Amino acid sequence: MTYAFTKGKERTTTSPSGRHLGYNKALTVSDGEDNNVVMKASSLKMLSAYNVMINAALVLGTPLHRWEQSIVLMIEKEKTNH
């Protein structure tokens, strides 16, 4: 999960609410201060909580409210090739 957050563009919107990857990406980077150990532990706790929420929704088969709306746009590259 942290790999996906670090590789995504920070301004990429992840839902119709306007929430973007910058919120999640901030959990994966160091602030460069001496308290990296504390920051890293708190970041891991937040990422773990986020992971639990996602897994619970998947296991229970009940999507999160923000997952219920999605816009997917597909552009046909060639007339007969989807």
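His-20 is placed in the loop between H1 and helix H2 (22-25), where helices (H or I, at least four residues) and strands (E, at least two) are DSSP runs numbered from the N terminus. The model is predicted, so local features need pLDDT of at least 70 and side-chain atom pairs count only at pLDDT 80 or more, while totals for chains, interfaces and linings use all residues. Residues are numbered from 1 along each chain as its sequence is written, and side-chain values use heavy atoms, with hydrogens and water left out.

His-20 counts as partly exposed because its relative accessibility is 26%; buried means under 20% relative accessible area, exposed over 50%, and partly exposed in between (1.4 Å probe, protein chains only). Between the C-alpha atoms of His-20 and Gly-8 there are 10.0 Å in space, and the two are 12 residues apart in sequence.

The chain as a whole contains 3 helices and 0 strands, and its elements follow the order α-α-α from the N terminus on. Of its 82 residues, 15% are buried. Its accessible surface comes to about 7200 Å², with 59% belonging to carbon and sulfur atoms; these areas come from the Shrake-Rupley method with a 1.4 Å probe, and for residues only the protein chains shown count as cover.

The largest nonpolar core has 5 residues in all: Phe-5, Leu-21, Leu-47, Tyr-50 and Ile-54. Helix H3 (residues 36-60) supplies the largest share of this core, 3 residues. Such a core is a set of buried Ala, Val, Leu, Ile, Met, Phe, Trp, Tyr and Cys residues joined through side-chain atoms within 4.5 Å.

Tyr-50 lies in helix H3 and is buried, because its relative accessible area is 15%. Leaving aside residues up to four places away in sequence, Tyr-50 touches Met-1, Phe-5, Arg-19, Asn-24 and Arg-66, contact meaning heavy atoms within 4.5 Å. Tyr-50 and Met-1 are 49 residues apart in sequence, and 9.7 Å separates them in space, C-alpha to C-alpha.

Confidence is expressed as pLDDT, the predictor's confidence in each residue, from 0 to 100. The chain has a mean pLDDT of 76, and 78% of its residues reach 70 or more. In the chain, confidence is highest in H3, at a mean of 82, and lowest in helix H1 (residues 2-7), at 72.
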